[in-house]
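Here is a brisk report on one structure. Please keep the sequence and the 3D view open while reading.

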Amino acid sequence: MIDKLLVANRGEIARRVFATCRALGVATVAVHSDADADAPFVADADQAVRLPGNTPAETYLRIDAVLDAARRSGADAVHPGYGFLAENAEFAAAVTDAGLTWVGPSAKAIAAMGDKMAAKALLADAGVPMLPTWTDPAEVTAFPVLVKAAAGGGGRGMRIVRDAAGLAEAVAGARREAAAAFGDGTVFIERYVERGRHVEVQIFGDTHGTVVALGVRDCSIQRRHQKIVEEAPGVLPDDVRAELHEAAVAAGRAVDYVGAGTVEFLLAPDGQVHFLEMNTRLQVEHPVTELTTGLDLVRLQLLVAEGEPLPVATTPPADGHAIEVRLCAEDPAQGFRPATGTLHRFAIPGVAAEFGPARGLRLDSGVVDGSTVSVHYDSMLAKLVAWAPTRAEAARALAGALARAELHGVATNRDLLVRVLRSPEFAAMDVDTGFLDRHPEVFEPLLPVEQLPVAALAAALAGAAARRAAAPVLAGLPSGWRNVPSFPQVTSFTVGDGEEIEIRYRLDRTGGLAEWGRKGPLLTDPVAEGSPVNTELPVVELVTAAPDRVVLDVDGVRRAFRVHRVGSSVFVDGPDGAASLTELPRLPLPTAELAAGSLLAPLPGAVTRVHVEVGQRVAAGDLLLTLEAMKLEHPVLAPADGVVTELPVPAGGQVETGAVLAVVDPEEDPQ
């Protein structure tokens with residue numbers, strides 16, 4: 001029996017494992033980096049051991065440090081979670097050699113499936129169809145191809161290449177990214193199938209010879225080769241489902257598989273099934289399988305590790321439908337680059353359960369109010385899962401909960417997820433791995449730009465209400481009210497990528513909104529100087545205004561806005577979407593002026609390579625340098641033709657958000 005379990009991981013998967021351990025009465029141990037010292041998963045554990053440092057290589061990827069933590073805490077078992085060391089055969093062997101119980105497949109099975117080329121050969125001999133694959137770029141004979149990391153998943157170290165000219169750089173970049181994420185830079189090349197569906201089978205094996213398929217998941221909607229929407233059961237013909245189950249069980253039996261694993265396939269448009277890889281661990285998307293089978297997969301992992309037989313020997317029937325989305329810290333205004341910062345509020349309405357069975361909404365989150373999103377780790381904040389009797393009901397419930405969520409302080413991919421779930425194509429199951437490439441409309445924000453002034457007005461009125469509430473005298477008078485109407489109240493904000501919007505309003509003696517307008521470049525021409533009224537804006541009446549809630553009647557329709565202020569940041573959540581605003585000071589202090597053509601770091605990270613030299617002439621779009629952050633590489637491109645005049649950060653240098661990475665002077669004469 002397992003008495004005390006150490007989870008060699010972080011974030012939501014550590015919290016997920018701890019939740020099942022609490023239900024079973026198993027004591028828990030967390031390991032954490034310095035950056036994670038105050039993270040929720042550390043607080044969830046009964047004990048915690050510090051791994052000095054911040055980067056994965058310093059902390060979660062150190063086998064010796066994790067084993068020492070187990071020894072010091074008295075843990076008698078280790079669960080690897082997913083990512084980091086989860087599919088490292090050396091780690092599995094080291095845990096077993098230390099006399100601890102390893103919650104996972106054998107080191108031999110991990111090694112067999114971890115060598116993805118060897119795994120392909122093994123399963124090809126068993127009759128599973130394979131895509132053409134190469135290890136030497138010089139041998140590639142057909143395009144497009146996909147460069148893939150051999151030692152991990154999650155979209156890390158993956159590149160689509162459509163012609164021979166881009167292959168060498170794609171292979172080099174994939175190797176660097178895979179080494180940073182998994183500690184192994186080995187890659188291979190595989191034929192890329194256009195409009196294929198990514199489907200996978202959850203399998204489970206025990207030490208008594210049972211290997212069972214627990215159903216098919218569809219994970220086709222991906223961005224940067226990383227899954228963002230997953231569902232179960234996959235919508236498939238019965239014969240294809242049976243073929244997938246049979247192939248997955250055969251893969252498990254071929255390596256005497258024990259524990260939870262996932263066999264991934266590509267379903268081509270012609271119906272052909274192609275093996276992709278086998279992940280020898282619990283997957284990120286395991287909750288959709290749990291909700292449709294009624295099984296706690298972490299509980300099964302622990303029971304199997306203790307030598308117990310599986311309670312199921314055949315594939316259980318699916319009950320209802322479950323859809324999961326990965327909510328990530330990513331900035332849509334910056335091309336969905338990973339975002340960092342403090343999560344001031346993280347509230348999702350209607351959640352029925354966290355980390356466990358739920359007939360409704362389930363939340364598996366690695367963050368809470370006040371959590372810091374660091375540059376050191378993956379950008380995923382949480383997984384939100386909806387179960388319902390039908391797929392359509394699950395999609396509607398999930399989209400509604402996401403749209404009403406209050407996510408303040410860090411930019412996220414929430415709007416993208418909602419638009420995907422509400423798209424007609426998703427409803428019709430017209431999905432494949434190229435879905436997002438074909439549907440650019442899903443990248444539009446939920447809040448239409450023409451409705452932004454009303455959200456900004458709500459923010460301005462909430463601010464006025466807060467000032468009135470804090471006023472030591474005459475608190476009952478409307479803000480800015482004068483017996484004789486004069487120039488209106490003015491509040492200015494920046495929004496998105498720095499555009500400014502100015503809200504002008506005047507309240508009457510009853511506190512009602514006498515008139516309002518806006519000035520700024522977002523929608524129409526600026527209003528005439530001295531006139532607070534813009535006739536192109538909707539007719540708005542103020543119903544109530546409090547520091548945290550404003551109700552407006554907009555063209556005859558009453559709308560409530562939730563307003564949350566943190567310093568100069570104002571977050572407005574309304575019925576049509578959310579707005580994140582920064583209120584500008586009325587008397588701003590002078591700031592240093594940046595040189596024209598300055599390129600700034602979009603987030604903290606390390607400059608891994610500098611591709612140009614000072615004095616070099618570049619063309620718009622040329623690669624200047626590469627920034628690595630949150631386990632991904634981010635190219636920094638020349639914004640226009642010109643000459644590189646400054647490169648203040650050398651290769652290997654660390655930078656903070658807003659640091660100058662390069663200066664390209666478009667006026668510089670090369671002579």
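E583 is buried, because its relative accessibility of 18% is under the 20% cut-off. Its salt-bridge partner is R565, with the closest N and O atoms 2.8 Å apart. The two residues come from distant parts of the chain: R565 sits in strand 30 (residues 557-566) and E583 in strand 32 (residues 577-583), 18 residues apart. R565 has 35% relative accessibility, so it counts as partly exposed.

The model is a predicted one. This pair therefore describes a computed arrangement of a predicted model.

## Salt bridges elsewhere

The count of salt bridges comes to 39. Side chains of opposite charge can pair when their charged atoms come close. One of these pairs is K148 with E190, at 3.4 Å from N to O. K148 lies in strand 7 (residues 145-149) and E190 in strand 9 (residues 187-191), so the pair ties together parts that are 42 residues apart in sequence. K148 is buried, at 5% relative accessibility. E190 is buried too, with a relative accessible area of 2%.

E285 and K227 also meet in a salt bridge, at 2.8 Å from N to O. E285 is in the loop between strand 14 and helix 9 (286-293), while K227 is in strand 12 (residues 226-232). The two are 58 residues apart. E285 counts as buried at 1% relative accessibility. K227 is buried as well, with a relative accessible area of 9%. Which residues do salt bridges with shared partners join into one network? They are E200, R217, K227, E230, E264, E285 and R326.

## Aromatic pairs

The structure holds 5 aromatic pairs. Among them is Y60 with F84, a stacked pair. Y60 lies in the loop between strand 3 (47-50) and helix 3 (63-73). F84 lies in the loop between strand 4 (77-79) and helix 4 (89-97). The pair therefore ties together parts that are 24 residues apart in sequence. Y60 and F84 are both buried. Together with Y377, they form one aromatic cluster.

F265 and F275 form an edge-to-face pair. The centres are 6.2 Å apart, with 80° between the planes. F265 lies in strand 13 (residues 259-267) and F275 in strand 14 (residues 273-279), so this pair ties together parts that are 10 residues apart in sequence. F265 is buried, and F275 is also buried.

I2 belongs to the segment before strand 1 (4-7). It is buried, with a relative accessible area of 7%. The C-alpha atoms of I2 and T207 are separated by 16 Å. Along the chain, I2 and T207 are 205 residues apart.

## A negative surface patch

Four residues gather in a patch of negative charge on the surface: D238, D239, E243 and E246. D239 is in helix 8 (residues 238-254). It counts as exposed, because its relative accessibility is 56% and the cut-off is over 50%.

## Backbone exceptions

Most residues other than glycine have a negative phi, and most peptide bonds are trans. Where are cis peptide bonds found? One joins F143 and P144, with omega about 5°. P144 is in the loop between strand 6 (133-134) and strand 7. Another runs from A232 to P233, with omega near -5°. P233 is in the loop between strand 12 and helix 8.

Two arginines have a positive phi although neither is a glycine: R195 at about 60° and R224 at about 55°. R195 is in the loop between strand 9 and strand 10 (197-205), and R224 is in the loop between strand 11 (211-223) and strand 12. R195 is partly exposed, with a relative accessible area of 43%. R224 is partly exposed as well, at 37%.

How values were computed: Residues numbered from 1 in each chain as written. Predicted model: local features only at pLDDT ≥ 70, side-chain atom pairs only at ≥ 80, totals over all residues. Heavy atoms only, no water. Patch = residues over 30% accessible without salt bridge, like charges linked within 9 Å, V, L, I, M, F, W, Y side chains within 5 Å. Areas by Shrake-Rupley, 256 points an atom, 1.4 Å probe, with all protein chains shown as cover. Salt bridge = Lys/Arg side-chain N within 4 Å of Asp/Glu carboxyl O. Lys, Arg positive; Asp, Glu negative; His and termini not counted. Charge placed at Lys NZ, Arg CZ, Asp CG, Glu CD. Helix = DSSP H or I, 4+ residues; strand = E, 2+ residues; numbered from the N terminus. Buried < 20%, exposed > 50% of the residue type's maximum accessible area, 1.4 Å probe, protein only. Phe/Tyr/Trp six-rings, centres within 6.5 Å; stacked < 30°, edge-to-face > 60°.
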